[in-house]
Amino acid sequence: MTSSSEWLTTKANTRFVRSIGATITDRWPIDRAAMITLPPVAPQVGLRARVRLARDYYVRIDANDYSVDPSMIGRFVDVVAGPDRVTVTHEGTVVADHPRYWGSAATITDPNHQATAKRLRADYQATRAATARRHQLRTHADGHAVALRTLPDYDALFGIDFHANPTAPHTPEPVTDSVREHEAEAADGPDGSAPGIIRPTSQGATS
């Protein structure tokens, strides 16, 4: 810094510049007298952006990622990157404040943001597990749990076997005397008449 100031004082500012016809040291009082006063409100400086905070709770400034309070995920935040600090706010509340890193491909993480993310992740997983348990547990009107059976239990109840071999040869059941008598009765009719003929009843003849 000292060498730069010495170079400006002894060489750069004392060198004659043909385009202005004077040295910078000689021209500076004239330029300063022509300047107006600064406005009452300081101008905005630095990089500014408004983004919606993603699920990884990081914002990117000049190829570097800076962490933000994970509770702001899904909300709009205002990012201001100055020469020394990177500040992130939400509705006027500071949710991140990091030193500016002038390198590239760096990830700057606040330990408090990391702890908050871990807590929020655990709370989400616990809530999701509790919801799944409520959906699995069904209750009657009086509050006691409904017994849920697996599908194989119903298959066994109705005598259904889905694991039987469909390619196995079919073996006909043996025909017994009772089966033969039943088939003969069905062929001749219940009263021994030929099939298709209806006998008259006591109320009258029917053709």
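This report describes side-chain contacts and one surface patch in a predicted model.

## Salt bridges

Side chains of opposite charge can pair when their charged atoms come close.

Asp62 is partly exposed, at 46% relative accessibility, whereas Arg100 is buried, at 12%.

Arg60 and Asp65 also meet in a salt bridge, at 2.8 Å from N to O. Here Arg60 is exposed, with 59% relative accessibility, and Asp65 is buried, with 16%. A further salt bridge, of 4.0 Å, links Asp123 and Arg119. Because these two residues are 4 positions apart in helix H3 (residues 111-136), about one helical turn separates them.

## Aromatic rings

A pair of aromatic rings is described by the distance of the centres and the angle of the planes. The whole structure has 1 aromatic pair. In this pair, Tyr57 and Tyr58 are stacked, with 5.1 Å between the centres and 25° between the planes. Tyr57 is buried, at 11% relative accessible area.

Another ring, that of Trp102, has Arg100 over its face, at 4.1 Å from the ring centre.

## Nonpolar surface patch

Leu151, Tyr154, Leu157, Phe158 and Ile160 make a nonpolar surface patch of about 590 Å². Leu157 lies in helix H4 (residues 151-157) and is exposed, with a relative accessible area of 64%.

Definitions and conventions: Residues numbered from 1 in each chain as written. Predicted model: local features only at pLDDT ≥ 70, side-chain atom pairs only at ≥ 80, totals over all residues. Heavy atoms only, no water. Patch = residues over 30% accessible without salt bridge, like charges linked within 9 Å, V, L, I, M, F, W, Y side chains within 5 Å. Areas by Shrake-Rupley, 256 points an atom, 1.4 Å probe, with all protein chains shown as cover. Salt bridge = Lys/Arg side-chain N within 4 Å of Asp/Glu carboxyl O. Buried < 20%, exposed > 50% of the residue type's maximum accessible area, 1.4 Å probe, protein only. Phe/Tyr/Trp six-rings, centres within 6.5 Å; stacked < 30°, edge-to-face > 60°. Lys NZ or Arg CZ within 6 Å of the ring centre and 35° of its normal.
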